Amino acid sequence: LLTIGVQGQGPEAFIEHQKTGLLVAPNSIEALYITLKEILASQEKIRKIANNGKQYVHRHCTWHAHAQQLESVYKELV
């Protein structure tokens, strides 16, 4: 699934615009309209972005990935 988030909000920490999802300007119906229009017009491009997002999540947002990050922080402290 394609992820759409708001620029300057939490999702911007893990969504790279046009690479792993889409970001729209806050409080802008026009920006959302343009983004939705782009989604409908560029199905193949959108599938690629959605797939990149899925791969990102599987690499960086799993319990295993978080455990590895936490372990590296602990090792730096020792």
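Predicted model: local features only at pLDDT ≥ 70, side-chain atom pairs only at ≥ 80, totals over all residues.
**View 1. Thr35 sits in helix α1.** Helices here are DSSP runs of H or I with at least four residues, strands are runs of E with at least two, and both are numbered from the N terminus. With a relative accessible area of 8%, Thr35 is buried; that label means under 20% relative accessible area, while exposed means over 50% and partly exposed is in between (1.4 Å probe, protein chains only). Leave aside residues up to four places away in sequence, and Thr35 touches Ile4, Leu22 and Val24. Touching, or contact, means heavy atoms within 4.5 Å.

View 2. Residues are numbered from 1 along each chain as its sequence is written, and side-chain values use heavy atoms, with hydrogens and water left out. The pLDDT score is the predictor's confidence in each residue, from 0 to 100. Its mean over the chain is 94, and 100% of the residues reach 70 or more. Confidence is highest in β2, at 97, and lowest in helix α3 (residues 63–77), at a mean of 91.

**View 3. Helix α1 (residues 29–41) meets helix α2 (residues 43–60).** Their axes come within 5 Å and cross at roughly 105°. That makes α1 roughly perpendicular to α2. Axes are lines fitted to C-alpha atoms, for helices over the stretch in contact, with angles from 0 to 180 degrees between N-to-C directions. Under 35 degrees counts as roughly parallel, over 145 as roughly antiparallel, 65 to 115 as roughly perpendicular, and the rest as oblique. On the α1 side the contact uses Glu38, Ile39, Leu40 and Ala41; α2 brings Gln43, Lys45 and Ile46.

**View 4. Gln43 is part of helix α2.** Its relative accessible area is 41%, so Gln43 is partly exposed. From Gln43 to Glu76 it's 33 residues in sequence and 44 Å in space, C-alpha to C-alpha.

**View 5. Thr20 belongs to the loop between β1 (4–6) and β2 (22–24).** Thr20 counts as buried, at 14% relative accessibility. A polar atom of the Thr20 side chain lies 2.7 Å from the backbone nitrogen of Glu16. Not counting residues up to four places away in sequence, Thr20 touches Phe14, Ile15, Ile49, Asn52, Gly53 and Tyr56.

Methods:
Polar contact = N/O pair within 3.5 Å; in protein donor to acceptor, adjacent residues only side chain to side chain.
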